[in-house]
Structure formats: C-alpha cells, structure tokens
Amino acid sequence: MAERRKGNAGKNPGKGAAEPAPVPGRLAVRKTYKLYLGGAFPRSESGRSYPVTSAKGDHLANASLASRKDAREAVVAARKAFGGWSARTAYNRGQILYRVAEVLEGRREQFAAQAVAAQGLSREAASRVVSAAVDRWVYYAGWTDKVAQVLGGANPVSGPYYNHSAPEPTGVVAVFAPQDAPLLGLTSVVAPVIATGNTAVVVTSEHAPLAAVDLAEVLATSDLPGGVVNLLTGRAGELGPHLAAHADVNALDLTGAGDLATGFEETAATTLTRVVRPGPESGGGEDAWLDPDPGTSRMTPFLETKTVWHPIGV
Amino acid sequence: MSHTATAPEATTNRALRAFLHGLPGVDEVGARARAQDLATRSIKTTAKAQAIDLAISMVDLTTLEGADTPGKVRALCAKAALPDPADRTVPRVGAVCVYPDMVATAVGALRGTGVGVASVATAFPAGRAPLEVKLADTRRAVADGAAEIDMVIDRGAFLSGDYLKVHDEITAVKEACGPAHLKVILETGELVTYDNVRRASHLAIRAGADFIKTSTGKVAPAATPPVVLVMLEAVRDHHAATGARVGVKPAGGIRTTKDAIRQLVLVNEIAGPAWLNPDLFRIGASSLLNDLLMQRTRLTTGTYPGPDYYTQD
Amino acid sequence: MIFEYAPAPESRSVVTLRETYDLFVDGEFRPAEGGEYLTTLNPADETKLAQVAVAGEADVDRAVAAARRAHETVWSRMSGAERGKYLFRVARIIQERSRELAVLESMDNGKPIKETRDVDLPLVAAHFFYYAGWADKLRHAGLGPDPRPLGVAAQVIPWNFPLLMLAWKIAPALATGNTVVLKPAETTPLTALVFAEICQEADLPPGVVNILTGAGETGRALVEHPGTDKVAFTGSTEVGRRIARSVAGTGKRLTLELGGKGANIVYDDAAIDQAVEGIVSGIFFNQGHVCCAGSRLLVQESIAEELLPRLRDRVAKLRLGDPLDKNTDIGAINSAAQLERIRELTDSGAEEGVERWSPPCDLPSTGYWFAPTLLTGVSQAHRVAREEIFGPVLSVLTFRTPEEAVAKANNTPYGLSAGVWTEKGSRMLWTAERLRAGVIWSNTFNKFDPTSPFGGYKESGYGREGGRHGLEAYLG
C-alpha cells in the first residue's frame, strides 16, 4: 500500500508500546489497532492501514488509516448518540466521566509504557502525563453539573417575565487532536466536548495514534454510550476537508490541524460551523497541557446559549 | 368553535364546571399587553368628536350612595336628559342608575325624556342576602318602573366552585325581571384572575344575562381595560358560537374622556363595531359625563372650558 | 356604527434633515475620498430623504486608523468608570432626543412610529444604560480576572432595526474598551448619523466611534480590512458565510447574527387569545422584517379550525399605512428589492399549491407595500416553509403530537428563535428544552431586553448579544 512507509516495517517487531514483557517460551498476543466508531472497533472500511513507529523510529504497530467514508460513518454515529447523551442528566455524565478516570487509573502502566515508547518520554515524564490525563477526566467529570450554573442564570428583564439563559451542547464536534500530545492533549480536547453533552468525531494524532485507540478501550468500558466519542486514526489532511464541509458537524476544534486550520475554517464557513482555532498549546507537546485548571475555555466554544422567556402572572 | 360552543344541556354543577374549566385560559401578561397596546390608539379630531357623543349616549349616569336623596336623584335625572343645557345637540345618556328605593323617583323625573331607569338590586353591592330577598328587591324595582336591573353575582359561591348556585340565582333574577333587561355584575375585583373573569362571563351569559357588567364601583380594581377586554372576548366568542349578542358594561374608575375612548377602542377592536351602540355597551359612571362634555366643548370651540361651566349633580 | 380612526400623524417637525450626510471619522464629519453619494428614500412614499456619502477603501483605512489611535491613546487607557460615564451620557442624550430619532427611523425605514417610539428607542437607550454599568465591573463578568478589550471592532448592521442594531453593537464594544467602525445599512443610514452627532454632543473622544455609510462594497472593505481585531455582523446568512470565510486564519474574532425561520408552536391548551396576539406580533411586528420572526406557525391539528378564523379576524384588524400615523400597525416594506423578494417567495408558495389569504387592504399607491398574508396548507417541503421571507407572510403548518411539533420546528438549518404556547408548565419546559434555537419565547413572542442574551444556533450565527454573555464577544 502506498501508505505503508518502506524501511521501518519489520524493524524491531514485537515491541508494541503497551505489550507486556515477553515471557520465555510464549509468543505475545499483539493488539490490532482499529478505529472506534459508534461504540465498536471496526477496521477502516477502506481496508487501509499505516505503520506507527516509536519516537526512535521503531515499528510499533499498524494503525487503521481512516477514510472519508469512515469519517462520514463517524458523524452519523455521533449524531445518533447526541440526542441521548445530551439528554442525560449532567450528574450522570459526570458519573461516566469519573468512571473513565477510574478505568484509566487502572491502566496507568499500559499508558505510561505507551508514552515512553511512542513519544520517547522518560518514565517519570510519562507517569506525569498519565496522571494528568486521569486528573483531567476527574476535572471535567466535576464540571458537568456546574457549567450551566457558571455560564447561565436568570436575566433581570424589564417586565413581567421570567427570563433564563442556559448553555446547551452545540451538537457534533469534529476534533483535530494535538499531533504532539497524544494522550493528555487528546484527553484535554475530548473531555470538555463530551462533558458538556456534545458528541465527538476525533481525528487523532497521525503519527502517535495508539494512545487514542487504547483510550477508546477505556471509554468503551466506562459506560460511555457508543457514538459519544468516535476516534479516527489517520490523516487530518485527508479527513479534515470532509469533516469541515460536513453539514451535520456543528463545530470544529482545529487544535491539531496545524497549517490546515485556515483552510478548514474557510470550508466550515459554508455551514457556519463553530470553529476553535489552534491555541497557544500547539507545538508544546504533552507538557503544554499540564495546567490542572484549564477553566471553561474549552467548553464555551461548544455551548450554545438558550434563553427562555415566560410571562409571570396569575 | 369548540371552546365556546353552547354549554351542555343538563345544568349540573359538574357540567358547568366542565364547561367553564374547558374554556381556554387567559395569560395575564398577554391580556394586559394587548390592552396596553390598544390604549396607544390615538383618536383625534372627527373620530374623537364621534367617540365623545357615542360615549355620552352610553353612560349609565349613576348615583349609588347611602346619602342619596330624592333631590339628588331628580337633579341627576335632569342632567341625564339634558347633559348640557347650553348645547342641545348633546345626546342624552343611556340610562340613570340608582338604588331600588329611588327607582320611583327617577322614573317620575325621567318621564317623557326617553331615558330609562336602571336599578341595582339583589342586595347590592355585597349580594349577601337570601335569594327570596334578592328576588323581592328585583321585583319591586321592576314594579316601580326600572327598565334595567343590575344584579350582583354571589362571588363567594363562584370562588368556592358552586357555579350552579351562581347560575340558578341569575336565572331566578332574570325571571323576576320580566320585561326588564338584566345586567349581571361580576365584581371582577373580587374574582381577581382573568381566568375567573372569563368563566364568570360565560356563566352569566349562559344563565341569561343581557349584559355582563364588571363592577359595583365599590371594589377596586374595577373596570380596568384588561378586564373589559376579557369580557368583550367572551361576548364575541358567544356571538361566534350562537349568533346572539350580549352587552358589556364597564363600571367603576372610568372618569375621563381618555378612559372612555379607550373603552370604545377596546369594543371596536375586540368585540367589533356591532357593539358600538348603547344597546350593547354602557359605561357606568358619574363624574365621567362632565369630562366628556368639557372635551366636547373643547373640540367644537377650540378652547378649554372650566368645570364651573358644567352642572355638578 | 363604524368607528373610523382619523389620521393621527406624528409631527415630522422634530426632525431636521440635511441635504447631504458625510462620513463620521475621528470625531468629524467629512466627505468620502471618492466623493460619491447614495440616496436614501422614504419607503412609504419613495421620496428622497437625503444624500449619504459612500465610503471607499481609503475611507475605511482612515476610519480604522482613527479607531486604532483612539483605542491605544485614549479609550483602552481610560478607567472603566469613566468609559461607563460616557455611555451613560450617550444613553441620556438618546432619551432626550428619542422622539426625533423615532420619527427619523420611521421615515428612513418605513416601520410604524408606534414601534420606533415604544419599542426601538426605549430599547436603544436601555441597551446603552445596561452596558454603561458593565464598564467598570468587567472583572466580575466571569470572563477571567483581567479581561482585556480586543482593540478595533468592525461592525456591520442591517436595515430592519437600524438604531437598535447599532446599540447592540456599539454599547458592549465601547463598554469593554474597544473602539468601533460601524457601517449602517445602505437603505437606513440616517439614525446612525444622528447617533454620530450624539457622540459629538457627549464629547466622546474622537475615533472611538466611526460611522461609515455605503453599500455592500463598503461593508466588504470594512470586514476584510486587516487592521481590525473583531468583526460583528448582523444580516443575511449568505453574507455571514462570506464574512466567516474572509476572517478564517486572520486571528480576528467573529460574531454573526443571521437569518431565521422561527417556529411558533401552538398547543391545543394554549391561552388562545394571547396565542393569536403572539402569532400576530411574531410575524407582523416590523412588517416581518425580523430575523427572529415566528414565520412558521405550527398549530396542533385539534385546534387549527378554531384558531385560524380567529387569526384571520385579528389580522383583518391590522391597520396598514402611513408609518408616521400613530395608529398604524404595519408600515412600509423597507426597499423595492426587499418587496420583490417577498413577492417572489410568496408567489412561489402559490405556485406550489399553498393557499394564500390576505385581508381586504388598500395599499398606498406610492411606496413599497405588502399586505399581511397567511399561507395555509403549507408543508415542510415548500419553499415558504424553509426560506426566510423577511416580510409579513406567515406559513401555517399543523402537527399532531409534541414530538412532531419539535421535529418540525427543528427541521431547518436555522436556529434563532421559537415560540411555545401552552398553559401546561411541564409541556412548555419539555418543548423549550428540545427546541434548537437561541431564544425561546413561551406564551409570548418578540420580546427583547438588554439583559437577555440573543443569538442563534446552527446557521443563524454564533455569539450572543445582550446580557453578560454579550461581553464575551468583545473581551480577550
């Protein structure tokens, strides 16, 4: 396949990032890294895959190379999940996000090993990143039932009306996850999107997608309904134009879109899709995402304000 | 129109309740806003002149005081027949409205003028008397020559949900009226909500009222524009459902020409022009008449007159 | 008897029209570099009101430079309290000159004096009062401990509420320490130019507010000018898309308030008389030139037969005519072009088999007029159910269940407003929760307030104007 880069394939086979240390006499079972769509783990409908290498250039695994059609399916799955997810009580969404943190905590070692292998982080740095990622889920789990109180409220209109504004999720958000922060960066952009009741179609880091697929396994076992988060491993440049133009996508987070961001923003203008441009974290690796209190800034772009009026009378 | 179709045949409290509570609700804020909007209608020049004469012809010139005397009533009657002695083009008022014991006096004073006598009855204003007393009150007033009877409903019965009692009292008084027209006073200030005003309007109409009237004048608020609006909607809807027209009489708090013209605008835009005549719309008032006369003079002469030029009765 | 209302015209003598109006840049009125003028008409009789300068690129350059200078040297350095006092002063002058502004607005726009006097102008003053008070309290707005102004805002506003839209743009921008270059609509520039005089009267520092008149090209030059930090636009979705594309990758912040096709849902237990009023104000307020108009009536089938005759009776009582007559309910259509669009879309409904009704209504022989119109037998597939007509034309559809009502209401690329009429509280909240629109009026319609955030979902735009939320668009 054209996507399969020559040279690295086959080098150091069997050193998959999160693979357990080999037991003498036993052949390790490797993981097939697939997409995460509508709660299932399919391969790309295109049948394509691409090799993922470690920071040192060693082959780690083959990842599915998502296609335009996969992106379309992901949007369908996200839309289908939106009604139910946004209608969950905020408390329930918080419970589920906290469950994600619990399950992730239980798999610390796997994610840390992955970070060491894929990003070349020290054990210590990897541990710090995984801890921050777990804490990030806890952080947004706590936000689910507070954000409406912080952002909404009663408006004292000049007349006999009760008037109230509350934030509501915008709908389906296409997230271009940071290229250089495959776990904490990914968590930091996905958690606020779903904490607020949106559903997400995520284009993962192209060269370091494995943490995302591992995270999908966490999400799939944390009572998160299928379709709330859909993960596409592959190329932003290939998937992005379709997602940006897709009329059923309500918002784009272009954090990981790099130089493609402006073009995507232009395309998104056609359907007035909400856009978050790449921010100051871009290019800073996982460390750029360590701030333990990112506030509401990654939630507000994906929230609409609904204002309801009603007369007050007898 | 399903909501306003004629009420069920069997008159039981249950049936009345089902009918009245099946009427569409009234949103207080919306009703007020509509009345407020119509209050901004600007009635000028020829329209104003026309409206003033119409309003004069609709006035039920009223005295309902404990201190009323035959002399006071006769003076009022003289005013009713000839509101402005200096200008004989002024129309006479709709009626003179007095207590039952003054009916004979008023009838005598108005003989030959074409102005009728209306009498409050049924233990006005509270209505707190046994039915036989109310009926006797009514019969006596009619016997003394009252052409119109203004009765009060039993608000206590209405508020406690005993619609049948309210209904049957109206029916009985209507029968006691004989040929006299019956105006049913809802005392909207005690009913409080517009939903109640709507229900009481339909209840009175169903029981045989020729007119529905807002207030006794003894309770505030009285004939506020939104209350009149809701009552006009009731007679409009009754007409749409049955083809029959019931009159409306606001009373209490209408003191100025501006107030009166606002009432006429409500009539025009809610019930429709058919109600713009004294057979279907009256205004219960006392001091209003002089203000109408002053504004009339102002329009015809271009100068503002003073109150001393109009008889105080 | 027939109770005819005699004409009750508001006096035009409170307005002194100049023959020509120039651009307001850096605190002074000056001609456009190109020397070009356009004519603004009274749409009620097609008479010429005034000549108004057409700003070109050089004028945009000058205005943006003036705004930048004012931002850097004066406005962003001034304490919030002092900025607020300027805005309070502006609000007071607007109140003092409100009758003049109301009459001028009715003349230039065609909307009834009843509305400019009782709705537009009170809201304009209230908006300045509201944001004046925010100027020294921005730390408490929940937007961070030290929110900063963005800089220079390019603002383009429509013709349907000329002065009110100006207030919605300028008041929050100035309160937050930004300076502005604002372009009023081609057909309704006059009240913005009187507002410029008010800025002078208030001794507002030169360059804080700049008003550039002109048509689409002027607007394009302004929103595409590289020297601004923020673009705020209210207008058509089509132009909104173009603007969104043009600011892509620039770093400019953008808020858009665009079109709508609002659904007004009437359940069978509604307070029917107030619902009729709400339907009428929902679509006939301001001749239906309202982005948040309730232009799709969704009435529950079980009361459609009762409601529609009442609605027709009510519409027949609307008084169409001279916008300056105090008894006029429906004024003139703002322009020949808009009248043509309304006609074309309404005719398309007739061609698609929709039933069309208007009350007997004498339209004046000059000026741009369109009788209030009800379209019945409309389905979601018809153009008149999908496209924004922006005129006094109501499309009537029916539904059977609450689920169907919500599904139909949301079945549009727009998401600005919606109405719900029911006497049942839980059903109201259920419906409001499911409607994908920024403003839900329940048991009322077309109410506005400076404290109440306004703005759309989906293709009705993004960002909110009004209230605490409205500050966010102008702070970084």
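Two strands pair if DSSP finds at least two bridges between them. Helices (H or I, at least four residues) and strands (E, at least two) are DSSP runs, numbered from the N terminus. Strand β16 (residues 417–421) of chain C gives an example: β16(C) and β17(C) pair in the parallel sense over four bridges. Within this pair, C:Gly419 has C:Trp441 of β17(C) as its bridge partner.

The model is predicted: local features need pLDDT of at least 70, side-chain atom pairs count only at pLDDT 80 or more, and totals for chains, interfaces and linings use all residues. Residues are numbered from 1 along each chain as its sequence is written, while chains are lettered from A and ligands numbered from 1 in the order in which they are written.

Now follow β17(C) across to chain A. Strand β17 (residues 439–442) of chain C also pairs with β10(A), in the parallel sense, over three bridges. Here C:Val439 is the bridge partner of A:Thr307. Strands of a sheet pair through backbone hydrogen bonds, either parallel or antiparallel.

Further along the sheet is strand β11 (residues 263–266) of chain C. Four bridges join β11(C) to strand β12 (residues 296–300) of chain C, and the two run parallel. C:Val266 stands opposite C:Val299 in β12(C). C:Ala263 and C:Ile265 point one way from β11(C), C:Asn264 and C:Val266 the other way, and all are buried. A residue is buried if 20 or more other C-beta atoms, placed from the backbone, lie within 10 Å of its own; it is exposed if 12 or fewer do, and partly exposed in between. In a regular strand the side chains alternate between the two faces of the sheet.

The contact between chains A and C takes 25 residues from chain A and 31 residues from chain C. Two residues are in contact if their C-beta atoms, placed from the backbone, lie within 7 Å. On the side of chain A, β4 (161–169), α9 (261–268) and β10 (303–311) each supply at least two residues. The largest share, eight residues, comes from β10(A).

A:Met299 counts as buried because 23 other C-beta atoms lie within 10 Å. Leaving aside neighbours within four places in sequence, A:Met299 is in contact with A:Trp143, A:Val147, A:Pro192, A:Ala195 and A:Thr196.

Next comes the largest nonpolar core. Such a core is a set of buried Ala, Val, Leu, Ile, Met, Phe, Trp, Tyr and Cys residues joined through C-beta atoms within 7 Å. Of its 365 residues, A:Val201, B:Ala55 and B:Val96 touch the most other members. Helix α4 (residues 113–134) of chain C gives the most to this core, with 12 residues.

Finally, look at helix α8 (residues 163–177) of chain B. Its end C-alpha atoms are 21 Å apart, which agrees with the 21 Å that 15 residues should span at 1.5 Å a residue (1.5 Å times one less than the number of residues). Its buried residues include B:Tyr163, B:Val166 and B:Ile170. After α8(B) comes B:Gly178, whose phi is positive, near 60°.
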